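Reader: I'd like to go through this one label by label. Can you give me the value behind each term and the cut-off it is held to?

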Amino acid sequence: CPCVPTEGNMMDNRFATALVIACVLSLISTIYMAASIGTDFWYEYHTLSPAENVSEAGRSIWEEFVSKDADEKTYTDALFRCNGTVGLWRRCITVPKNSHWYSPPETDMTTNCISFSLSDQFVEKYIEPGNHNSGTDLNRTYLWRLQFLLPFVSIGLMCFGALIGLCACACRSLYPAIATGVLHFLAGLCTLGLVGCYVAGIELLHRKLPLPEDVRGEFGWSFCLACVSAPLQFMAAALFIWAARTNRKEFTLLKAYRVA
């Protein structure tokens, strides 16, 4: 984030304060965004009796869940039955530590996860999940791809904005902070788009695969971090742009006054 440079030794404390607050907001939003990308609690399913459900099917649920051939319907059904959580990169289910067919039902549970491969992020979604002959669902396909790409674009824009801020420090000029603000604004749009794409994708999926009666779904704290990150990016952008433009305007007016 930009330092507190001077233009002609004219720097009002208001602008310095605005820049400091903008830098803090930018840092917090970056941390929140990185945490949301790296965690697996974007959406959570809560099952009333996961232990019994898993014990009935033995280890077959877990084996199907981790299989390379597992399609969307297969792993979504496992998420429904086993207190699953879904992130941008991984999906997880909660199963008993020993779920053999000869073992009694257990209450000692463990959470196991499997990552989405890069090819999984760009795989086609079908009109009927699990039925490859039903045709491609373009809406869900592109929503899934966008929710994978947009967070990285958002973080990239903020990092590029930070580099411009460092250049502003080196040049001892506040004006490049406008570019930093614009990049943060674009990053906020990307984060907002990510949130919208994820919500729309979940809603469309549940229309195809409705939640069972004993299963409750809700957005998790990873999703909430992304939701909080977007307004922080917009506020940082507004402060960067305001400080740069207002300071530049006042400096120009003062210079004209001295010349006059």
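Predicted model: local features only at pLDDT ≥ 70, side-chain atom pairs only at ≥ 80, totals over all residues.

**Labels and the values behind them**

Reader: Where is V24 found, and which patch does V24 belong to?

Author: V24 sits in helix 1. Along with V20, L27, I28, I31, Y32 and V228, V24 forms a nonpolar patch on the surface. Together they have about 560 Å² of accessible area.

Reader: What parts of the chain does the pair link?

Author: Distant ones: C92 is in strand 3 (residues 90-96) and C113 is in strand 4 (residues 109-115), 21 residues apart.

Reader: What makes the disulfide right-handed?

Author: The torsion about the S-S bond of C92 and C113, which is about 105°.

Reader: Are the two cysteines of the pair, C92 and C113, buried or exposed, or something in between?

Author: C92 has 3% relative accessibility; buried means under 20%, so C92 counts as buried. C113 has a relative accessible area of 28%, so C113 is partly exposed.

Reader: And why do C23 and C159 get their labels?

Author: C23 is at 10%, under the 20% cut-off, so C23 is buried. C159 is at 42%, between the 20% and 50% cut-offs, so C159 is partly exposed.

Reader: How much of the chain is buried?

Author: Buried residues make up 45% of the 260 residues. The secondary structure comes to eight helices and five strands.

Reader: Why is A70 called buried?

Author: A70 has 18% relative accessibility, and the cut-off is under 20%, so A70 counts as buried. A70 is found in the loop between helix 3 (60-66) and helix 4. A70 and G130 are 60 residues apart in sequence, with their C-alpha atoms 8.9 Å apart in space.

Reader: What lies nearest the centre of the largest pocket?

Author: A70 again, with D71, Y75, D120 and V123, out of 22 lining residues. About 400 Å³ of space lies in this pocket. Helix 4 (72-81), strand 4 and helix 5 (118-121) each supply at least two residues of the lining.

Reader: What makes a space a cavity and not a pocket?

Author: In a cavity a 1.4 Å probe fits but cannot get out, whereas a pocket is an open set. A search of the whole structure finds one cavity of 30 Å³ or more. About 210 Å³ of space lies in the largest cavity.

Reader: Which residues and elements line the largest cavity?

Author: There are 16 lining residues, and E72, W144, G201, I202 and L205 are the closest to its centre. Helix 4, helix 6 (138-171) and helix 7 (177-208) are the elements that give two or more residues to the lining.

Notes
Residues numbered from 1 in each chain as written. Heavy atoms only, no water. Patch = residues over 30% accessible without salt bridge, like charges linked within 9 Å, V, L, I, M, F, W, Y side chains within 5 Å. Areas by Shrake-Rupley, 256 points an atom, 1.4 Å probe, with all protein chains shown as cover. Salt bridge = Lys/Arg side-chain N within 4 Å of Asp/Glu carboxyl O. Helix = DSSP H or I, 4+ residues; strand = E, 2+ residues; numbered from the N terminus. Disulfide = S-S within 2.5 Å. Buried < 20%, exposed > 50% of the residue type's maximum accessible area, 1.4 Å probe, protein only. 1 Å grid on protein atoms, 1.4 Å probe; cavity = no way out; pocket = protein on both sides within 12 Å on 5 of 7 lines; lining within 4 Å. Points joined across faces, edges and corners; volume = space filled by probe spheres on them.
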